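Hi,

Here is the structure we talked about, ready for you to open.

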Amino acid sequence: MSEFACKDGTPVPASMEANVKLLARQLEIIRGVVKEPIYVNSGYRTHSHNANVGGASRSFHLVGKAADIWCKGISPKQLFAVIKRLMEDGVIISGGLKCYKSFVHYDTRGVISYF
């Protein structure tokens, strides 16, 4: 849970731990495919921290269903492609996916959404 705690120091609320555990299981599947550790830049966010970082008002980070991630030795573009394939093949939970310059956003919303 500590990897997913809000960067403002707030731990993941108990009511959202199941969401984070499900997300972590998906990240573990991704890690097994890329064969590299996955680092979490941002997991759960409080409403105030989310606003401070310019997050969407209905962000999946607010409920522990999203992570901004990166891997050493794999570009965000390559990581995005792996996650996209795993979602489309039904290997991991479908969700939101976006490639940024230094990380990839993945969430477990239940439907594929590239934004």
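**Aromatic pairs and strands**

Tyr-39 has a relative accessibility of 29%, so Tyr-39 counts as partly exposed (buried is under 20% relative accessible area, exposed over 50%, partly exposed in between, with a 1.4 Å probe and protein chains only). Trp-70 is also partly exposed, at 29%.

A word on the source: this is a predicted model, where local features need pLDDT of at least 70, side-chain atom pairs count only at pLDDT 80 or more, and totals for chains, interfaces and linings use all residues. Residues are numbered from 1 along each chain as its sequence is written, and side-chain values use heavy atoms, with hydrogens and water left out.

There are three aromatic pairs in the structure (rings of Phe, Tyr and Trp, the last by its six-membered ring, with centres within 6.5 Å; planes under 30 degrees apart are stacked, over 60 edge-to-face, the rest tilted). One of them is Tyr-39 with Trp-70, stacked because the ring centres are 4.5 Å apart and the planes at 25 degrees. Tyr-39 sits in strand E1 (residues 39-42) and Trp-70 in strand E2 (residues 66-70), so the pair ties together parts 31 residues apart in sequence. Strands here are DSSP runs of E, at least two residues, numbered from the N terminus.

Tyr-100 and Phe-103 are stacked too, with centres 4.5 Å apart and planes at 20 degrees. Tyr-100 is partly exposed at 32%, while Phe-103 is buried at 18%.

Finally, E3 and E4 form a hairpin with four residues between them. Three bridges join E3 to E4 (residues 104-107) in the antiparallel sense (pairing takes at least two DSSP bridges), and Leu-97 has Tyr-106 as its bridge partner in E4.

Best wishes
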